[in-house]
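User: I would like to go through a model with you in short questions. Please show the sequence and structure before we start.

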Amino acid sequence: MAAAPSIAPSISGETLTAFLLRLADDHLVLGHRLSEWCGHAPMLEEDLAMPNMALDLIGQARSLYQYAGEVEGKGRDEDQIAYVRREREYVNCLMAERQNGDFAHTMLRQFYFAALMLPLWQAMMTSTDERLAGIAAKAEKEVAYHIRHAGEWVVRLGDGTEESTRRMKAAVEALAPYVDELFESDDVTRAVAEAGIAPDPSTLRPAFDAIVGPVFAEAGLEWVETPYGQTGGRQGRHGEALGFLLAELQYMQRTYPGMTW
Amino acid sequence: MQSPSSDPSGHLLPARGEKEERAYRAAAAVVDPEIPAVTIADLGILRGVEMDGDVAVARVTPTYTGCPAVLAIELAVETALREAGFEPRVERVISPAWTTDWITAVGREKLRAYGIAPPVKASNSIRALFGETEVACPRCGSLETARISEFGSTACKALYRCQSCHEPFDYFKCI
């Protein structure tokens, strides 16, 4: 294994690991969700698009898990972190684990997540942490495609037929409680922001709105205010859906520990 | 093959020793497993080969973070170096990030001849969210083309069709 990486002196390895795991879990869990569409998408092109985007997300997750494992310094590699942690140890945002629902639901979730990640990666390209700056510079280009792709579908379905509009509106309604959690700040995000590693998510809301706003306007969709948002993912409190996802994701390593092929 | 003495942007690279040159040529001849018409040097994903004592160290960068061909490429480079008589080591580098600008002029021409439209600059701009990129048909050269899908058979390609000669074709996405 590589020597312990040099991290900014202004942050503890523990805090940086916590931050990396959140980001990595978001990408792995959402990537797995997208991969569930493989073979089930409404058309062949989308059957290619979803696993393609899943590959991007899982690739990004791998880079982040590898780095988290090195910073943590307990000798865990990417597979051990991904495959043998329990549900309560996962710290992804709740939106990432939401069930796919219909195609409109999946596309809106993807659009929201990409609209969060684009400004986040862009800011991290000048991170004080060189390793993360490198990961961000690649990911930023990939996520720009996700925004285009998902954004086009939000418009096509939102401004489509009576049925597609109804479904896209239902997706906006269903995902509304999970948006605010994306922008939460706590001790971890503040420490990371102070060290110049990544911006605090609370500062990204205007950039998110600037991406979502015009697409919603073109799609004829209206923003739904939700009386209270769902939260807890960053503390390991998840919805029922994550357990089923992890059961499938981790099955092989749980059954045949340490297996490779 | 591109001149081994300069990188895609024409910057001169430090002169190589005879051994290094031979190792570079061996690694540079490895072809992309998904697009066998181009070598990894054409694609600009071979960042360099240096001798570390008796070990030939090849630095390779992925096109996309999750590209499943990365392992196959790294193995092929290792094999090529071994066959050329070197003890190989392959290092994966991600910085500076690969972009389609790293594809050499020769590489772009090979892609076109193979039936894949080479990347058009600045087509990935967010401002172009709903703007269409003008992609020339690799067969007949017509600009009357339409995008079928943003994502093709591999992460790096999109699907297009030509309205003039009616052939579908792959477009190497600009990132």
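User: How many residues of chain A are in contact with chain B, and how many of chain B with chain A?
Analyst: This is a predicted model, where local features need pLDDT of at least 70, side-chain atom pairs count only at pLDDT 80 or more, and totals for chains, interfaces and linings use all residues. Residues are numbered from 1 along each chain as its sequence is written, while chains are lettered from A and ligands numbered from 1 in the order in which they are written. Two residues are in contact if their C-beta atoms, placed from the backbone, lie within 7 Å. On that basis the counts are 24 residues of chain A and 21 residues of chain B.

User: Which element gives the most to the side of chain A that touches chain B?
Analyst: Helices (H or I, at least four residues) and strands (E, at least two) are DSSP runs, numbered from the N terminus. Two elements give two or more residues to this side, α2 (44-72) and α6 (130-158) of chain A. With 14 residues, the top contributor is α6(A).

User: How do the residues on that side of chain A divide by class?
Analyst: Ala, Val, Leu, Ile, Met, Phe, Trp, Tyr, Cys and Pro count as nonpolar, Asp, Glu, Lys and Arg as charged, and the others, Gly among them, as polar. The side of chain A that touches chain B has ten nonpolar, seven polar and seven charged residues.

User: How are α1(A) and α8(A) oriented to each other?
Analyst: Axes are lines fitted to C-alpha atoms, for helices over the stretch in contact, and angles run from 0 to 180 degrees between N-to-C directions. The axes of α1 (residues 13-35) and α8 (residues 187-194) of chain A come within 9 Å and cross at roughly 110°. Angles of 65 to 115 degrees count as roughly perpendicular, under 35 as roughly parallel, over 145 as roughly antiparallel and the rest as oblique. The two helices, α1(A) and α8(A), are therefore roughly perpendicular.

User: Which residues of α8(A) meet α1(A)?
Analyst: The contact of α1(A) with α8(A) divides into five nonpolar, one polar and no charged residues. From α1(A) come T15(A), A18(A) and F19(A); from α8(A) come V188(A), A191(A) and V192(A).

User: Is E184(A) buried, partly exposed or exposed?
Analyst: E184(A) sits in the loop between α7 (162-175) and α8 of chain A. A residue is buried if 20 or more other C-beta atoms lie within 10 Å of its own, exposed if 12 or fewer, and partly exposed in between, with C-beta atoms placed from the backbone. E184(A) has 15 such atoms, so it is partly exposed.

User: Where in chain B is the residue P96(B), which has a cis peptide bond with S95(B)?
Analyst: Omega of the bond joining S95(B) and P96(B) is about -5°. Most peptide bonds are trans. P96(B) lies in the loop between β3 (87-92) and α4 (105-114) of chain B.

User: Is H166(B) buried or exposed?
Analyst: H166(B) belongs to the loop between β6 (157-162) and β7 (168-172) of chain B. Its phi is near 65°, a positive value in a residue other than glycine. With 10 other C-beta atoms within 10 Å, H166(B) is exposed.

User: What distance separates the centres of the two domains of chain B?
Analyst: By an automatic or database domain assignment, chain B is divided into domain 1 (18-100) and domain 2 (115-172). Their contact takes seven residues from domain 1 of chain B and six residues from domain 2 of chain B. Taken over C-alpha atoms, the centres are separated by 28 Å.
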